[in-house]
Amino acid sequence: MTLPTAPLGTNGPVVGIQGLGCMGMSEFYGPTDTAEALATLDAALDLGVTLFDTADVYGSGHNEELIGPFVRANRDRVVLATKFAIERRADDPHYRGIRNDPAYIRAAVDASLQRLGIDVIDLYYMHRRDPAVPLAESVGAMAELVQAGKVRHLGLSEVTGDELREAHAVHPIAALQSEWSLFSRDVERTAVPAAAELGVAFVPYSPLGRGFLTGAFAAADQLSADDYRRYLPRFSGDNAADNAALIAPIQKIAAERGASAAQVALAWVHQQAQVHGLTVVPIPGTRKRTRLAENTAAAALTLTAAELAELDPIAGQVAGNRYADMTFTSAGRE
């Protein structure tokens, strides 16, 4: 099976309708087999995955360097997305700052281009929004990168519907990337309707609830000591036990359809394209070829109206926020 394709935005690049999130190949989700991760990139391309998603913050630049050779070797087939805005410090591994000022944006794009070893970034996202910097200023600086030939298309992440409209008026936005899954549906309040109205594609990250929807783990203490998910409220303490019970309908439908829980959860995300009238290109992250094949097969699974209705109540029952600090999410500003 090769994935069908869809355009990102009105005049954006055409991509396979499922992308690949590369973050976990460098950091956040425990130990990585680098050889298998790199083999997964090649396998993804063979399956019709053409949108590959990274960011300068993943491994403090390591992820861009890791996938750079793959991108260069397949430059005519790969649509490369990377991001700026989350600042880290070498002397403080826990520090996270948000920078949207034009000088920072100009420096960040040059650093990403150098690490990736390419001349132009296909899709450049503002990873998080700093409300202290006028949006027109930040998007204006991003638009200058397009004019300079360093970036082809612009994207935003975790912005509200009003922020998306404001940005789109400055320069066309091809894609909005935010968390969207059976566990996380806050984007449906304002961001999804605005994207549909403007012709902006939606790129859901963590469409598998960071793996929780697959049943791969049921609580944070089952994860490795360096796994970032240990610090997320949904996977800790009583929240984890309450939330683990919520995936029962997903597992039931999976058993009835001869599919995996991951495929049912991803099929639900894919079908939001029809529900809300916009292009939806989820980017589940994986470092293994077996999971990749499983995930891409979900694009061919169509859930019935009855199955969608059975899954609908899940998000409203989830215990705990997506992050310990929701300040820099769209939900935190709505």
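In what order do the seven strands of the open sheet stand? The views below take up this and other parts of a predicted model, in which local features need pLDDT of at least 70, side-chain atom pairs count only at pLDDT 80 or more, and totals for chains, interfaces and linings use all residues. Residues are numbered from 1 along each chain as its sequence is written, and side-chain values use heavy atoms, with hydrogens and water left out.

View 1. The seven strands run in the order β3-β4-β5-β8-β9-β10-β11, with parallel pairing; strands (E, at least two residues) and helices (H or I, at least four) are DSSP runs numbered from the N terminus, and two strands pair if DSSP finds at least two bridges between them. β3 (20–21) and β11 (201–205) each have a single partner strand, so one side of each is left without a neighbour in the sheet. Within the sheet, β8 (residues 121–126) pairs with β9 (residues 151–157) in the parallel sense over five bridges, and Met-126 stands opposite Leu-156 in β9.

**View 2. Strand β5 and its partner β4.** These two strands pair in the parallel sense over three bridges, with Asp-53 opposite Ala-81 in β5. Six of the six residues of β5 are buried (under 20% relative accessible area, with a 1.4 Å probe and protein chains only), so the strand is largely enclosed by the rest of the structure. Val-79, Ala-81 and Lys-83 point one way from β5, whereas Leu-80, Thr-82 and Phe-84 point the other way.

**View 3. Helix α2 and its packing.** In α2 (residues 62–73), the buried residues include Leu-66, Ile-67, Phe-70 and Val-71. The buried residues of this helix pack against α1 (34–46), β4 (51–53), β5 (79–84) and α3 (102–116).

**View 4. The lining of the largest cavity.** The lining residues include Glu-179, Phe-183, Arg-210, Leu-232 and Asn-321.

Terms used:
On a 1 Å grid over the protein atoms alone, a cavity is a set of points where a 1.4 Å probe fits but cannot get out, and a pocket is an open set with protein on both sides within 12 Å along at least five of seven lines; lining residues have an atom within 4 Å of a point. Buried means under 20% relative accessible area, exposed over 50%, partly exposed in between (1.4 Å probe, protein chains only). Contact means heavy atoms within 4.5 Å.
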